[in-house]
Amino acid sequence: MGKLKKTAAVAFGLSAALAGTIATSGPAMAADTPIAACGGGSYHVIDSHALGSSAVVYLLYNGSTNCVVTWKTGARGNSTWVEARVRHDHMYFDVDEGNFKYYAGPAKATGAAGSCIMWGGSYGSQSYLSGWEHCG
């Protein structure tokens, strides 16, 4: 009976240590394309807007959901303020903003079929916000 308790205690200790390692490990790797940042699958770029030479705001669509990612082209790997936003005419903006190393987003608008959308993003002091467009 003593050996069984000791084995159970060792197994519990190992699983607790493993759980602690998983819980404290760093964040997942950043996506390598705007499509991957939106979740991959059938997303495709339908519009974009350059923010100087430092970032590009991408608008993607997969047949039911619009997705916006502001992709840094300068200072990648350095944590700087970036923002992505999107909305359709029946919702508030979905916004992802903060100090990020590679991109902001995804910001998503679901159920936009038959609606117009407004989308944009910012990097540092440069920003873009569309008018109502991509209706349908």
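How many bridges join strand β4 to strand β5, and in which direction do the two strands run? Select residues 80-88 for β4 and residues 94-100 for β5 in this predicted model, and you will find seven bridges between the two strands, which run antiparallel. A hairpin of five residues carries the chain from β4 to β5. To see one of the bridges, pick Glu83, whose partner in β5 is Glu97.

Stay in this region and show the side chains of Arg85, Arg87 and Phe93. The charged end of Arg85 sits over the ring of Phe93, 4.7 Å from the ring centre, while Arg87 also lies over the face of Phe93, at 5.6 Å from the centre of that ring.

Next, colour the open sheet of four strands, in which the order is β1-β2-β3-β6 and the pairing is antiparallel. From one strand to the next, the twist averages 15°. Within this sheet, select β2 (residues 55-61) and β3 (residues 65-72), which run antiparallel and are joined by seven bridges; Tyr58 can be found opposite Val69 of β3.

Now move along β6 to Ala107, which has its place in that strand. Is Ala107 buried or exposed? Ala107 has a relative accessible area of 0% and is therefore buried. Beyond the neighbours within four places in sequence, Ala107 is in contact with several residues, among them Asn66, Cys67 and Val68, as well as Ala84, Arg85 and Val86. A C-alpha to C-alpha distance drawn from Ala107 to Glu97 gives 9.3 Å, for two residues that are ten apart in sequence.

The last stop concerns aromatic rings, of which the structure holds two pairs. Select Trp71 and Tyr103, whose ring centres are 5.1 Å apart and whose planes meet at 10°, so that this pair is stacked. Because Trp71 lies in strand β3 and Tyr103 in strand β6, the pair ties together parts that are 32 residues apart in sequence. Trp71 is buried at a relative accessible area of 10%, and Tyr103 is likewise buried at 17%.

Finish with Trp119 and Tyr128, whose ring centres lie 5.3 Å apart with the planes at 65°, which means that this pair is edge-to-face. Trp119 itself counts as buried, at 0% relative accessibility.

Definitions and conventions. Residues numbered from 1 in each chain as written. Predicted model: local features only at pLDDT ≥ 70, side-chain atom pairs only at ≥ 80, totals over all residues. Heavy atoms only, no water. Pairing = 2+ DSSP bridges. Axes fitted to C-alpha atoms, helices over the stretch in contact; angles between N-to-C directions. Buried < 20%, exposed > 50% of the residue type's maximum accessible area, 1.4 Å probe, protein only. Contact = heavy atoms within 4.5 Å. Phe/Tyr/Trp six-rings, centres within 6.5 Å; stacked < 30°, edge-to-face > 60°. Lys NZ or Arg CZ within 6 Å of the ring centre and 35° of its normal.
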